[in-house]
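Thank you for making the time this morning.

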Amino acid sequence: MSIMFQTPAKRPRKPADLPIEPHRMDFRFDGQVPRYWFGNDPFLTHFLSALSLLFPEGERFFVDAVRHFRDRIADPERQRDISGFIGQEAMHSLEHRTFNAFLEQNGYPADKLEGVLRQELQKAREETTPLQQLAITVALEHITAVLAELMLEHEDVRDRLDERVRDLWVWHAIEETEHKAVAWDLYQDVGGDYTTRVTAMLKATLLLIYTTTRFQTALMQRDGLSRKPLVWAKGIWRLWGYKGYLSRLAPAYLSYFRPDFHPWKIDNSPVAKAWRRRLSSLA
Ligand SMILES: [Fe+2]
Ligand SMILES: [Fe+2]
C-alpha cells in the first residue's frame, strides 16, 4: 500500500488564538466529595478513578516520547507548542496525583496500582523503539482527545459528576483539546508511517482497556463489588451499550484510521475556549 504524507504546508493547523499553556490548578479533594462521585454509580466512579490512576505515569511516558524527538523541530512556534504540551502534561500528572492520593486516603490501593503501571511502562520502554513510543503516544493522545470531547460536549455525562471532581476532568479535557495535535505533528515530521501508527493504536487500545479494567476491578474489590454481576452489567451497558458514553465515541475514535486524518480537521477549539473562560477564575 502506498502511503501519502501531507506536507506541513497542507497540514491543518491549530487555531492561532488557542495557546498551549500550562496552568497550575491546585485542586483539593476532601470528605465533601461523595464516595461515588459519578452519578452515585460505583462502576462509573471507579472507571474514571482507574483512568486517573493511569495519568501520572502514562503522561510521563508521553512527555519522554516527545522530548526524545523535539530537537528535530526548527520552527520556534512548534517548539513553543511542544514546551506547552510538556508543561500541561506535567501539571495533569501533578493534579491527578493529588486525586489519586485522595483515593489512597479513602482506602483504595492507588499507590500500589501506580507502582504496577510504572513497572509495566518501564518494560514497554525497554521493548520498543523511540518511534514506536511516539506512535503509542500519538494513539493515546487521540483517545484522550476523544474522551475530552465527551467531557466538554456531552452534558448528560459531565453533569453527572460531582462539581468538585468535575473541574479536574473539565480542565484536563480543555488542555487535551488544546494540545491534541502536538505529538501527531511531531510524529509526521520525524517520518512516522501509517502502519506503525495504526498498529500502535490497536495495541494501545487493547492495553488501555485491559489495564483500566484491571485497575477498576481492584478498586471495586475494595468495596466488595468486584463480583456483583448486576453492577458490572449496568455499568458496561452505560459505557458500551446503545448510545453509551464510549460507544457513541466510535466514529471519532475510528477517524484515526483514515490515512489523511489530522486532529485539527475537526476544529473544536470554540468549545475548549468557552470552557477555559468558565474555569479561568480557578487558574
Ligand atoms: Fe493530560
Ligand atoms: Fe495529552
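What you see is a predicted model, in which local features need pLDDT of at least 70 and side-chain atom pairs count only at pLDDT 80 or more, while totals for chains, interfaces and linings use all residues. Residues are numbered from 1 along each chain as its sequence is written, and chains are lettered from A and ligands numbered from 1 in the order in which they are written.

The helices I name are DSSP runs of H or I with at least four residues, numbered from the N terminus. The axes are lines fitted to C-alpha atoms over the stretch in contact, with angles running from 0 to 180 degrees between N-to-C directions.

How do α1 and α4 lie to each other? Their axes come within 9 Å and cross at roughly 130 degrees, and the two helices are therefore oblique to each other. The crossing is left-handed, a term used when the near helix is turned anticlockwise from the far one by less than a right angle, with right-handed used if it is clockwise. On the α1 side, Gly58, Phe62, Ala65, Val66, His68 and Phe69 meet Pro130, Gln133, Leu134, Thr137, Leu140 and Glu141 of α4, where contact requires C-beta atoms, placed from the backbone, within 7 Å.

α1 also packs against α3, residues 110-127, at an angle of about 25 degrees and with the axes 9 Å apart, so that α1 and α3 are roughly parallel to each other. Here the crossing is right-handed. Leu53, Leu54, Pro56, Glu57 and Phe61 of α1 make this contact with Ala110, Leu113, Glu114, Leu117, Arg118 and Leu121 of α3.

Turning to the interior, a nonpolar core is a set of buried Ala, Val, Leu, Ile, Met, Phe, Trp, Tyr and Cys residues joined through C-beta atoms within 7 Å. Buried itself means 20 or more other C-beta atoms within 10 Å of a residue's own, exposed means 12 or fewer, and partly exposed lies in between. The largest nonpolar core has 36 residues, of which Met151, Leu152, Trp169, Val170 and Ala173 touch the most other members. The greatest share of this core comes from α1, with 9 residues. Apart from it lies another core, of 23 residues, including Ile20, Ile82, Leu134 and Ala181.

Finally, two residues that are not glycine deserve a look, since most residues other than glycine have a negative phi. Asp26 has a positive phi of about 60 degrees, and Asn40 has a positive phi near 55 degrees. Asp26 counts as exposed because it has 11 C-beta neighbours inside 10 Å, and Asn40 is exposed with 12 other C-beta atoms within 10 Å.

Notes:
Angles under 35 degrees count as roughly parallel, over 145 as roughly antiparallel, 65 to 115 as roughly perpendicular and the rest as oblique. Two residues are in contact if their C-beta atoms, placed from the backbone, lie within 7 Å.
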